Number of protein chains: 2
Amino acid sequence: MSRFLQVVPVAEAVNAAKRIAPGRNVETVPVELSAGRILARSVPADTDIPGFDRSVVDGYAVRSADTAGAGPSSPALLRCLGRIAMGAPDPAIVLHEGECTYIPTGGVLPQGADAAVMVEYTEEAGDTILVKKPASHGENVLLHNEDFSKGETVFVPGRRLTPQDAGVLAACGCAEVPVAKKPVIGIISTGNELVPAGTRPGPGQVRDANAPMLAAWLAEYGCIPRLYGIVRDERAAFEAVIARALPECDVVILSGGSSKDDRDMTAGVIAARGEVIIHGIALAPGKPTIIGRIGSTPVFGLPGHPASAFVVLIAIVRPFLDAMLGLNNTRLRTVKATLSQNVPSQRGREEYIRVRVENRIATPLFGKSGLLNTLVKSDGLICVPAGTEGLEQGSEVEVILW
Amino acid sequence: MSRFLQVVPVAEAVNAAKRIAPGRNVETVPVELSAGRILARSVPADTDIPGFDRSVVDGYAVRSADTAGAGPSSPALLRCLGRIAMGAPDPAIVLHEGECTYIPTGGVLPQGADAAVMVEYTEEAGDTILVKKPASHGENVLLHNEDFSKGETVFVPGRRLTPQDAGVLAACGCAEVPVAKKPVIGIISTGNELVPAGTRPGPGQVRDANAPMLAAWLAEYGCIPRLYGIVRDERAAFEAVIARALPECDVVILSGGSSKDDRDMTAGVIAARGEVIIHGIALAPGKPTIIGRIGSTPVFGLPGHPASAFVVLIAIVRPFLDAMLGLNNTRLRTVKATLSQNVPSQRGREEYIRVRVENRIATPLFGKSGLLNTLVKSDGLICVPAGTEGLEQGSEVEVILW
């Protein structure tokens, strides 16, 4: 069969992919393992944080009024009632006029006190403490619920959690955190010319670079890749592997051989068992991409050249996964840079160029799309939008960093 | 005991930490799991890549001389000898003058051919192919070893591997990749005021936010965190947990209670069983940091406030881990931004300020160092170097992004 490309704009392809994205599943993970995961539910503070007025210094809890006008040569003289123990406040301790207590960082301010003075500004003389600096009301104190109030929404769903978020989630009482379950993404390599990494290529053969690259990228992006190995371009073998992958995966990626025959077979198999929704995207490299569905499982057919497959991952698969995971904000790392030379492009397609970035100068690495070495030598990609004929030397570009 | 801080500059503390960094151990991982890991050995190409002249288009393999002067109205007429099969070149096919073969993308160029013409620029008429565009020598062909030559060094040790690198490693024959083993980092929380995330804090108590934050950060940075829970500020209990952690971990981090008593006990225990190398860094927040060693195991004592502990992770622990893993280049993500207002600082210490970044404007989030909410509301940190009295509004700053 010969199913010709019908090229659609990138935005249309992305929307088509998002429309078939399965809903996310939710699981809970221990808070210390939550960084990098996508929060699936809103998280409120379950208590006031902190739950009490808390000293942020080692020093003396005081009544601020008692320290008015204090200075090195005219210290306030306060009677010390003792020490505040960490984590076990003594409700019997109440400061009256002219009194203070030693308080460690994090200690509960005793009743009557409204400020703390750092130990550096004090001097001990038996039971009397010389305070050499005035403290204002609330000084060096974290007030009750100053951080978060009970019931306040601290995190909204769809946030990609950071390590600091894990700390704050723990403070909010989340020992277990509800997150989007990692989708299982099957990867099937096709192509008669392919051999696995561990095999020495014979005449006409090349090693399958795509599957490990796709798997590594998907794992870093928060998915569980599942490799199904290399299938020859024979319809029966291909169908058998797809039949095995469909019930085991949330999404299937076909890492195509590079030839048109191979792409046609891929499209044919998807069409026979489900539907081909997009076949051809106005994207360079990456034009011969297939987006389809078998049953409710999205199936992507990626181009064979690793550089092309990578661009399709970034431009098409990434927003699809973001939709599937319910991510609020994308995870692309970008940096602004100045373009070192003109980049011509063909109007009507979105073009991605590999660039090297040094001292905020982006230098395009042109080169045949089949080359692997530009993937290793480059630092990222720039996008030339579809409506332009290229980018001019000296213009500012946003580089999507590896 | 009272072991007073003897504050040293950040660079001195970092060097002290690097000096006690254990050598890295090496393990091999499947190439598809290698992204994010640190390459431990040099990797050469084990074959020429590609191992043959390879078409990068679907079309016809030709002798470029035969197409000279060809155009839409004056096509070159070539006799087609048949099709090149993918992955199985037929050595019997040899192009002579006036001959061509169909060739799929990735196919082996037959003997005699030196270029390929895209199918779009050709027309079939029985056995004769009309070529409507001249092909230059080497056009649309990836030449034998154009990507990498056998024996050429493709990767040097110390590289943090990307997903694309995984693809190239596979192409170089690395089904298993030698990488630095993930160090096991023990985390012991100390402080009488601390309770775990799953417990509702009683009077004077707060939940331990530090340990989950540290664990999450370490896991993202390529370590294996091992949590030892919360220990009360009692020397015997503390020593027992350290004794358990030392043989199980490559590094131990003590996530201190926030009070001076607690820090003193930490320093005292390290000094009794090993040595305290640094106690106090000219760093804000993060001053009361301890760097020591028990036997050959590095031990860090981090400040109790999560914001302070986080700054010490970035400024001190990160370069230590980089040294331990043999990383060539740091993994900090940074972005340049313009400062929205003056940031005063104390000369003589390196100061880290949390900032929010919007439209390349960095807005400092001042606030008590004990607050958690600034960790969540900020996008990153800026560093005010030790030798300055602050940064001026409008100056360009480098933001270390979360």
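## Interface between the chains

This is a predicted model. In it, 82 residues of chain B are in contact with 82 residues of chain A. Several elements of chain B give two or more residues to the side that touches chain A. The helices on that list are helix 2 (163-171), helix 3 (210-220), helix 5 (260-273), helix 6 (306-325) and helix 7 (373-377) of chain B. The strands are strand 15 (206-207) and strand 16 (224-231) of chain B.

What is the make-up by class of the side of chain B that touches chain A? It has 44 nonpolar residues, 24 polar ones and 14 charged ones.

## Symmetry

Two copies of a chain are related by a rotation about an axis and a shift along it. Here, a rotation of 180 degrees superposes chain B on chain A, with 0.0 Å of shift along the axis. The RMSD is 0.0 Å. This is the relation of a two-fold axis.

Which C-alpha of chain B is nearest the axis? It is that of Val335(B), 3.4 Å away from the axis. Both copies use the same surface: 99% of the contact residues of chain B recur in chain A.

## A six-stranded sheet in chain A

Chain A has an open sheet of six strands. The order is 16-13-17-21-20-18, and the pairing is mixed. Strand 16 (224-231) and strand 18 (275-279) of chain A stand at the edges. Each has a single partner strand, so one side of each is left without a neighbour in the sheet. From one strand to the next, the twist averages 20 degrees.

Inside this order, strand 13 (residues 184-190) of chain A pairs with strand 17 (residues 251-255) of chain A. The sense is parallel, over five bridges. Ile188(A) has Leu254(A), in strand 17 of chain A, as its bridge partner.

## Helix 4 of chain B

Which residues of helix 4 (residues 235-245) of chain B are buried? They are Phe238(B), Ile242(B) and Ala245(B).

What covers the buried residues of helix 4 of chain B? The cover includes strand 13 (184-190), strand 16 and strand 17 (251-255) of chain B. Helix 5 of chain B is also part of the cover. Strand 16 and helix 5 of chain B also give residues to the side that touches chain A.

How values were computed. Residues are numbered from 1 along each chain as its sequence is written. Chains are lettered from A and ligands numbered from 1 in the order in which they are written. This is a predicted model: local features need pLDDT of at least 70, side-chain atom pairs count only at pLDDT 80 or more; totals for chains, interfaces and linings use all residues. Two residues are in contact if their C-beta atoms, placed from the backbone, lie within 7 Å. Helices (H or I, at least four residues) and strands (E, at least two) are DSSP runs, numbered from the N terminus. Ala, Val, Leu, Ile, Met, Phe, Trp, Tyr, Cys and Pro count as nonpolar, Asp, Glu, Lys and Arg as charged, and the others, Gly among them, as polar. Copies are superposed by least squares on the C-alpha atoms of residues with pLDDT of at least 70 in both. Two strands pair if DSSP finds at least two bridges between them. Axes are lines fitted to C-alpha atoms, for helices over the stretch in contact, and angles run from 0 to 180 degrees between N-to-C directions. A residue is buried if 20 or more other C-beta atoms lie within 10 Å of its own, exposed if 12 or fewer, and partly exposed in between; C-beta atoms are placed from the backbone.
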